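Hi,

Here is the structure I promised to pass on. Have a look at it first, then read on for what turned up.

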Amino acid sequence: MALRRIFGEDDEILRKRAREVTKFDDKLACLLDDMKETMINADGIGLAAPQVGLLRRAAIIDADGVYLEMINPKIIKAEGEQIGVEGCLSVNPSKNCKVLRPQEVLLEAYDRHGKKYRKELKDLAARACCHELDHLEGILFYDRKHDEE
Ligand code: CO
């Protein structure tokens, strides 16, 4: 395993749509292992492949004791609302802001072996999941800044 460089918000890769993963091979496993090490090293709760320079639909979260590797992920159901402060390993913490997210989501994704799974996530894990899936669309959390009246 190795640490990878985390790209900053000024890098255009963070604004592009990531491509589907088609090969569930050793290279993908290596990427996921490196992403996990990089996320832990940076004290984060999620990381998406574009943040380490790969425009692929792969992301991980580690929130509320839920560690997940999400390949070609989709949210197939979302319920409720939560408002909370978000930050991102690619963004200066001075830009942390409140974001509205679903309280619960039903995630469908593939694991590193290409096996499809579904998982219900709530609270912080749901928030982290939505944040990482946004990265795969080139969306950053502050695009969704929640303005209170
Ligand atoms: Co982020």
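A term to start with: a residue counts as buried when its relative accessible area is under 20%. Bear in mind too that this is a predicted model.

With that cut-off, helix α2 is mostly covered, as 11 of its 13 residues are buried. The buried ones run through Ala125, Ala126, Arg127, Ala128, Cys129, Cys130, His131, Glu132, Leu133, Asp134 and His135. The length of α2 also checks out: at 1.5 Å a residue, its 13 residues should span 18 Å, and the end C-alpha atoms are 19 Å apart, which agrees.

In general, nonpolar side chains in soluble globular proteins tend to be buried together. Here the largest nonpolar core has 23 residues, and Ile61, Leu68, Met70, Leu107, Leu121 and Cys129 have the most contacts inside it. At least two residues each come from β2 (58-63), β3 (66-79), β6 (104-110), β7 (116-122) and α2. The top contributor to this core is α2, with six residues.

Leaving aside neighbours within four places in sequence, its contacts include Leu68, Met70 and Leu121, along with Ala125, Ala128, Cys129 and Glu132.

Apart from that core lies another, of 12 residues, among them Leu28, Met35, Met39 and Ile60. Met39 is found in helix α1 (residues 26-41). Is Met39 buried or exposed? Its relative accessible area is 1%, under the 20% cut-off, so Met39 is buried. Beyond its neighbours within four places in sequence, Met39 is in contact with Gly44, Ile45, Gly46, Leu47, Ile60, Asp62, Tyr67 and Leu89. Lys77 is another matter: Met39 and Lys77 are 38 residues apart in sequence and 27 Å apart in space, C-alpha to C-alpha.

Over to you!

Definitions and conventions:
Residues are numbered from 1 along each chain as its sequence is written. This is a predicted model: local features need pLDDT of at least 70, side-chain atom pairs count only at pLDDT 80 or more; totals for chains, interfaces and linings use all residues. Side-chain values use heavy atoms; hydrogens and water are left out. A nonpolar core is a set of buried Ala, Val, Leu, Ile, Met, Phe, Trp, Tyr and Cys residues joined through side-chain atoms within 4.5 Å. Buried means under 20% relative accessible area, exposed over 50%, partly exposed in between (1.4 Å probe, protein chains only). Helices (H or I, at least four residues) and strands (E, at least two) are DSSP runs, numbered from the N terminus. Contact means heavy atoms within 4.5 Å. The expected span of a helix is 1.5 Å times one less than its number of residues.
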